[in-house]
Amino acid sequence: MAERRMFAKTIIDSDAFLDMPLTTQALYFHLGMRADDDGFVNNAKKIQRMIGADEDDLKLLVDNGFVISFESNVVVIKHWRVHNYIKNDRYKRTVYTDEKNLLGVKENKVYTLGNDRVADASEMEPDCIQDVSKTDTQLGKGNKDIVNQDIVNQNRTQTFPKMYGKNSNIPLMDYEFENLCDKYDKDVLFVALNKMSDYIINTDKEYFDYYDRLCKWIEQDISESKAKDCKKKIADIKKQVSIN
């Protein structure tokens, strides 16, 4: 089993995470450090007591969607596959197969118990877990373009988001960006990306789900634009009536 664990900033720097009490945040980190290579922990209550947290902290992690709990008292880190990329030769499959069989994996690599799964977690074998040996070396050389292409090519599974916006600070997966291109006019999309990018720089704001937030920005801009057009048409009609 791998000894090192990672945590994605998109998760731990989100408002949803930082708004939780410090004891709850600490419990999350301790669970993540002690989870097996599939993100499962069988002694969450022991860890909770050991660090001075209480049952409310674990319950809060479950309620806020950071941890999934099973009847067996086993828990799994919901964003485990977002956080960690384990080399195939170090991967050790979880022994909690009954719990894993209940899980699915969404397109964004998040575990789910719902119907929005694109694959069953039990079908995600070691070859679907990122082998970072090559990318680590390339990253050390500063060869970011090669790293990004290598990540996309491996198993045809994208594991890192690409950065968008004029300041390259809006992380989106390829399928998210493609959905945005299909859903909105490209000029509208790129205006919104740059607008949001500047807003993040000016306010130091971070979001739990950049795709969802960007959609809301665009819908709001479209609504405001339609309202302005409507007001202009009404003004033109009134002007024509007054002239006649």
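# Exercises on a predicted model

Asn73 is partly exposed, with a relative accessible area of 46%. Keep in mind that the structure is a predicted model. Let's work through some exercises with it.

**Exercise 1.** Find where Asn73 sits, and say what stands out about its phi.

*Solution.* 
- Step 1: Locate the residue. Asn73 belongs to the loop between strand S2 (67-69) and S3.
- Step 2: Check the backbone. The phi of Asn73 is near 75°, which is positive, and the residue is not a glycine.
- Step 3: Most residues other than glycine have a negative phi.

**Exercise 2.** Work out how helix H3 (residues 22-34) and helix H5 (residues 55-63) are arranged, and which residues meet.

*Solution.* 
- Step 1: Read the geometry. H3 and H5 pack at an angle of about 75°, and their axes are 9 Å apart.
- Step 2: Name the arrangement. Angles of 65 to 115 degrees count as roughly perpendicular, so H3 and H5 are roughly perpendicular to each other.
- Step 3: List the partners. From H3 come Thr23, Thr24, Leu27, Tyr28 and Leu31, and they meet Asp57, Leu58, Leu60 and Leu61 of H5.
- Step 4: Sort them by class. The contact of H3 with H5 has six nonpolar, two polar and one charged residues.

**Exercise 3.** Repeat the analysis for helix H10 (residues 174-183) and helix H11 (residues 186-203).

*Solution.* 
- Step 1: The angle between H10 and H11 is about 130°, and their axes are 8 Å apart.
- Step 2: An angle over 145 degrees would count as roughly antiparallel, and 65 to 115 as roughly perpendicular.
- Step 3: The crossing of H10 and H11 is right-handed.
- Step 4: Phe177, Leu180 and Cys181 of H10 meet Lys186, Leu189, Phe190 and Leu193 of H11. By class, this contact has six nonpolar residues, one charged residue and no polar ones.

**Exercise 4.** Which residues does His79 touch beyond those up to four places away in sequence?

*Solution.* 
- Step 1: Find His79 in the loop between strand S3 (75-77) and helix H6 (80-83).
- Step 2: Its relative accessible area is 5%. Under 20% counts as buried, so His79 is buried.
- Step 3: Its partners are Ile11, Tyr28, Gly65, Phe66, Val110 and Phe208. Tyr28 is also one of the H3 residues that meet H5.

**Exercise 5.** How far apart are Arg93 and Asp36 in sequence and in space?

*Solution.* 
- Step 1: Arg93 lies in the loop between H6 and helix H7 (97-101), and is partly exposed at 48% relative accessible area.
- Step 2: Arg93 and Asp36 are 57 residues apart in sequence, with 8.1 Å from C-alpha to C-alpha.
- Step 3: Look at the whole chain. Among contacts between residues at least 6 apart in sequence, 59% join residues at least 24 apart.

How values were computed: Residues are numbered from 1 along each chain as its sequence is written. This is a predicted model: local features need pLDDT of at least 70, side-chain atom pairs count only at pLDDT 80 or more; totals for chains, interfaces and linings use all residues. Side-chain values use heavy atoms; hydrogens and water are left out. Axes are lines fitted to C-alpha atoms, for helices over the stretch in contact, and angles run from 0 to 180 degrees between N-to-C directions. Helices (H or I, at least four residues) and strands (E, at least two) are DSSP runs, numbered from the N terminus. A crossing is left-handed if the near helix is turned anticlockwise from the far one by less than a right angle, and right-handed if clockwise. Contact means heavy atoms within 4.5 Å. Ala, Val, Leu, Ile, Met, Phe, Trp, Tyr, Cys and Pro count as nonpolar, Asp, Glu, Lys and Arg as charged, and the others, Gly among them, as polar. Buried means under 20% relative accessible area, exposed over 50%, partly exposed in between (1.4 Å probe, protein chains only). Angles under 35 degrees count as roughly parallel, over 145 as roughly antiparallel, 65 to 115 as roughly perpendicular and the rest as oblique.
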